[in-house]
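Here is a friendly walk through one chain, from its overall make-up to a few local details. Keep the 3D view open and follow along as each region comes up.

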Amino acid sequence: MRHHPEEPSYSILRRTLERNAISHPGMVYSALGRHGGMSVTSLPAGIVARMCHVDAEALTKATPTRSGPAVELFGHRLAFFDVSVRKGRRWCPSCIAEEAVHRAWWDLEVIACCPRHLLAFASKCRCGLAQYWGKERIAVCACGIELADAAVLRVSSETARASGYILSRLLGETVEAIPMFEGVGVGESVEVMRRLGAFTIDPWAKLDHVVAKRGITAVLNVGLEAAATFPESFRSALDAAMANADTRPGSAGVRRAYGDVLYAWLKRRLDTKTGSLLAAEMREHAKGKVLRKQGALLLGKSVSHDRVSVLEASKLCGLSFARMRRIAVARGLVSPDASAKEHNTLSLVDLVTIKRDLGSYIGSTDLARLLNVKHEDLLEIVAAGHIPVAHPPRDIMRVQTKDAFRSDAAEDLLNRLGRGQLPEGVPAGTVTLTLAASRIHISTAEIVGRVLAGEIQPLAFDSSAAGLRAFRIRATGWRAKLRKDRLGLISAMELADIVGCHTDVASRLGRVGAIPSVRVGRLRMLVESDGLAFFERHLSSAEVAARFGVPVRDAKAFLAGRGVEPAWRKEDVGKWLFDRGEVERLPAASTADRKGRRKA
């Protein structure tokens with residue numbers, strides 16, 4: 001059976017079943033992996049190709065295939081919700097009259113008409129029956145009428161412009177040159193057309209509401225025109241949005257200048273070509289016209305005046321009224337007397353200065369988040385002098401603390417570590433900077449210092465990670481050097497395993513000086529020979545109880561009655577320890593004494 005280059009797997013399979021007079025395709029679909037409410041797009045194209053004796057690669061290319069949150073079709077990635085076969089079949093009567101096969105692009109929500117024949121898609125036969133991927137034939141309705149005879153409306157070339165552009169991009173055909181979409185995938189181009197069209201039509205309405213009101217065809221056509229004439233058309237849309245941004249009652253003169261929908265979408269797309277272009281135009285358009293509140297572009301009635309009230313200033317800066325007033329009073333911008341209304345306004349110049357100062361400093365919590373390290377690790381890095389402590393104006397910080405830093409402190413440290421000079425990637429055998437510090441048992445501050453001093457050379461920078469975790473180094477040699485430096489030393493856990501005590505006891509013995517210890521990186525290492533000798537010289541309560549046949553809880557009182565006091569207290573090292581020499585000088589209990597003590 002001949003395969004049409006635009007035909008998906010579920011179409012050629014249905015035609016094969018027709019040719020073989022199989023009137024119940026559901027059993028075949030189930031055998032191939034489609035169950036319950038699963039779509040026919042879930043049928044494996046490779047198996048269908050073997051059944052129908054067609055080229056598997058060409059069939060897979062023409063079949064919508066789920067790939068994470070996207071769908072691949074004709075070698076391009078589209079949004080998952082742009083492809084649907086659940087609402088029933090759509091077709092172009094002229095296309096199906098030329099060749100009775102289903103085209104995969106008929107199932108795309110963003111192509112609403114046939115740009116080749118300038119016809120709207122049909123979804124029902126002339127008898128009124130909708131067509132589905134069940135028992136219906138490819139080109140004939142259950143009533144016997146040819147689907148090519150369906151009545152449809154003719155559309156203009158302007159209406160089919162966006163559909164034609166998307167189809168040509170999918171099939172690799174020649175399209176009109178749009179600089180904004182050069183080097184941009186089809187899926188991203190469609191999304192930008194959709195967003196630009198909705199913003200141009202109504203910047204204050206949600207995308208779904210605009211599409212439901214005007215239709216996807218109109219939205220995409222407006223978006224394509226806006227992209228083709230970018231940036232002039234976008235600037236006109238921004239002007240129209242700002243002109244309609246009237247102040248709402250009770251909002252203290254504040255409203256987003258360009259609506260919520262496009263602005264929120266652009267914040268997530270700044271790393272793409274189209275998103276950066278649109279954001280740059282929006283920032284340029286906003287100069288001198290709007291203020292910012294916590295990163296959001298705002299337009300208020302205060303913009304048209306030279307001065308704003310303290311209440312309006314607090315809302316524009318994202319502060320409480322009380323804090324804004326304290327800052328203004330401390331700087332001598334307003335009168336301390338709240339009743340003096342004529343002196344309780346700020347000039348826009350002073351307001352911009354306050355906003356700049358507020359954005360120039362951050363606290364340790366925010367800096368630790370930017371560097372992607374624990375707060376205690378950040379404090380060690382600061383203590384080592386790798387990040388200077390800032391001294392902001394007294395009125396800026398909410399609470400006067402010692403951990404205020406410049407807002408660019410994280411960027412400065414990452415640049416000094418060589419972020420811009422390192423190749424991107426994750427070489428085999430490398431670990432992150434923070435993980436390497438953990439593996440070789442040194443602090444993050446120490447390994448940062450070694451990188452800054454040139455003793456350790458990062459090999460690559462992983463742009464998918466954040467902060468210090470983006471630097472990749474090879475820590476194998478450092479671990480070997482650590483083992484060499486540890487000759488004759490042992491950790492508390494290792495000593496506890498050898499002598500059979502709790503790790504906390506061995507650790508506390510090292511801290512109080514009972515066993516000589518040294519610091520190796522972040523670990524306290526014990527001298528192995530001294531640790532073994534210590535436990536040779538001392539007995540625990542359990543060992544005393546076993547030697548004299550007394551309960552463990554009575555061992556201390558038993559020895560105290562015979563004049564033997566503990567060498568180390570439980571409060572200091574975690575358990576009672578007694579001198580072995582003093583205990584061994586006591587006569588051992590006889591068997592009769594032990595039996596009598598147990599009876600008692």
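## The chain as a whole

The chain holds 29 helices and 20 strands. This is a predicted model, so please read every value below as computed from it. Of the 600 residues, 45% count as buried. Take the contacts between residues at least 6 apart in sequence: 62% of them join residues at least 24 apart.

Three strands make up an open sheet in the order 1-2-3, with antiparallel pairing. Its edges are strand 1 (65-67) and strand 3 (76-79), each of which pairs on one side only. From one strand to the next, the twist averages 40 degrees.

Strand 2 (residues 70-73) runs antiparallel to strand 3, and four bridges join the two. Ala70 has Ala79 in strand 3 as its bridge partner, while Glu72 stands opposite Arg77 in strand 3. Together, strand 2 and strand 3 form a hairpin with two residues between them. Phe74 sits in that turn and has a positive phi of about 55 degrees.

## An enclosed helix

How many of the eleven residues of helix 6 are buried? Nine of them are, so helix 6 (residues 161-171) is largely enclosed by the rest of the structure. The buried residues are Ala162, Ser163, Gly164, Tyr165, Ile166, Leu167, Ser168, Arg169 and Leu170.

What covers these buried residues of helix 6? The cover includes strand 2 and strand 3, along with strand 4 (113-114), helix 7 (186-201) and helix 9 (216-228). Just after helix 6 comes Gly172, with a positive phi of about 75 degrees.

## Two helices packed together

A pair of packed helices can be described by the angle between their axes and the distance between those axes. For helix 16 (residues 364-371) and helix 18 (residues 409-416), the angle is about 35 degrees and the axes are 9 Å apart. The crossing of helix 16 with helix 18 is right-handed.

On the helix 16 side, the contact is made by Leu367, Leu370 and Leu371; on the helix 18 side, by Ala409, Ala410, Leu413 and Leu414. Sorted by type, the residues of this contact of helix 16 with helix 18 are seven nonpolar, no polar and no charged.

## A helix with a buried face

In helix 24 (residues 528-537), the buried residues are Gly531, Phe534 and Phe535. Looking down the axis of helix 24, you will find its buried residues within an arc of 90 degrees, so they line one face of the helix. Ser529 and Glu536 are exposed on the other side of helix 24.

## A buried leucine in a loop

Now to the loop between helix 28 (580-584) and helix 29 (591-599), where Leu586 is found. Is Leu586 buried or exposed? Leu586 counts as buried because its relative accessibility is 15%, and the cut-off for buried is under 20%.

Leaving aside neighbours within four places in sequence, Leu586 is in contact with Phe548, Leu559, Arg562 and Val564.

## Backbone details to check

Most residues other than glycine have a negative phi, and most peptide bonds are trans. A few places in this chain are worth a look with that in mind.

His53 has a positive phi, near 60 degrees. His53 lies in the loop between helix 3 (45-52) and helix 4 (56-61), and is exposed, with a relative accessible area of 70%. Leu118 also has a positive phi, near 55 degrees, and is found in the loop between strand 4 and strand 5 (119-120). With a relative accessibility of 26%, Leu118 counts as partly exposed.

Where is the cis peptide bond? A cis peptide bond joins Phe230 and Pro231, with omega about 10 degrees. Pro231 is in the loop between helix 9 and helix 10 (232-243).

How values were computed: Residues numbered from 1 in each chain as written. Predicted model: local features only at pLDDT ≥ 70, side-chain atom pairs only at ≥ 80, totals over all residues. Heavy atoms only, no water. Pairing = 2+ DSSP bridges. Axes fitted to C-alpha atoms, helices over the stretch in contact; angles between N-to-C directions. Left-handed = near helix turned anticlockwise from the far one by under 90°. Contact = heavy atoms within 4.5 Å. Nonpolar A, V, L, I, M, F, W, Y, C, P; charged D, E, K, R; others polar. Buried < 20%, exposed > 50% of the residue type's maximum accessible area, 1.4 Å probe, protein only. Arc of directions from axis to C-beta.
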